[in-house]
Amino acid sequence: MRKLICKICNILSGVVFVIVIATCVALILPRFIGFDIFTVLSGSMEPTYHVGAVVYIDKKVDAGEIKEKDPIAFHLASGEIATHRVVKVDKDKQQFITKGDANNAVDIEPIPFNRLIGKAVFTIPYIGYVSANIRTTKGILACTGCVVIVILLYAIPLLLDDKKEEA
């Protein structure tokens, strides 16, 4: 029975460890190679980008390279960040007309080229929940809980082996 418990703990600790490392890599590494990462907070781009996903934005793209149908991230006049699809590029006025995939109409405000952050390149679903909540009290508690679980899953087999040697 102890061997089974030890095996289960080892497998679970390995799985949790891999998930934690993969999440950290997905949220940190792309920043070092020129991407910005944003969490999708609304359903305006469904089904392309789901709520709770992260979108990776290539910020090295120049406004002149953006074409119709490209998804872009940009600063709204309010300072918030949005990711919508370009429906028209007006090079004379230096602005984009954008629309969320799930929206019925184009966005009210054209986006000047100078508010472009970059072009959306790819997305990972669900990981945005981690990214959005990691700095909150609940997020910190959840991370602490994951660390405690990994430690316990590593410690249980060691404790069971010590008891086996004592007997």
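This is a predicted model: local features need pLDDT of at least 70, side-chain atom pairs count only at pLDDT 80 or more; totals for chains, interfaces and linings use all residues.
The chain contains three helices and seven strands, arranged from the N terminus as α-β-β-β-β-β-β-β-α-α. Its radius of gyration is 22 Å, whereas a compact globule of 167 residues would have one near 15 Å. Along the principal axes, the C-alpha atoms occupy a box of roughly 85 × 30 × 25 Å. Buried residues make up 35% of the 167 in the chain. Of the contacts between residues at least 6 apart in sequence, 56% connect residues at least 24 apart. The exposed surface comes to about 10,700 Å², with 65% of it supplied by carbon and sulfur atoms. As for charge, the mean positions of the 19 positive and 17 negative charges lie 4 Å apart.

Three aromatic pairs are present in the structure. In the pair of Phe35 and Phe122, the ring centres are 6.0 Å apart and the planes meet at 70 degrees, so the arrangement is edge-to-face. Because Phe35 belongs to strand 1 (residues 35-39) and Phe122 to strand 7 (residues 116-124), this pair ties together parts that are 87 residues apart in sequence. Phe35 is buried, at a relative accessible area of 15%, while Phe122 is partly exposed at 36%. Ring pairs also bring Tyr56 into a cluster with Phe35 and Phe122.

Thr83, a residue of strand 4 (residues 81-90), has a relative accessible area of 15% and therefore counts as buried, being under the 20% cut-off. Leaving aside residues up to four places away in sequence, Thr83 touches Met45, Tyr49, Ile57, Ile72, Ala73 and Ala120.

How values were computed. Residues are numbered from 1 along each chain as its sequence is written. Side-chain values use heavy atoms; hydrogens and water are left out. Helices (H or I, at least four residues) and strands (E, at least two) are DSSP runs, numbered from the N terminus. Buried means under 20% relative accessible area, exposed over 50%, partly exposed in between (1.4 Å probe, protein chains only). Contact means heavy atoms within 4.5 Å. Rings of Phe, Tyr and Trp (its six-membered ring) pair if their centres lie within 6.5 Å; planes under 30 degrees apart count as stacked, over 60 as edge-to-face and the rest as tilted. The radius of gyration is taken over C-alpha atoms; the globule rule is 2.2 Å times the number of residues to the power 0.38. Accessible areas come from the Shrake-Rupley method with a 1.4 Å probe; for residues, only the protein chains shown count as cover. Lys and Arg count as positive and Asp and Glu as negative; His and the chain ends are not counted. The place of a charge is taken as NZ of Lys, CZ of Arg, CG of Asp or CD of Glu.
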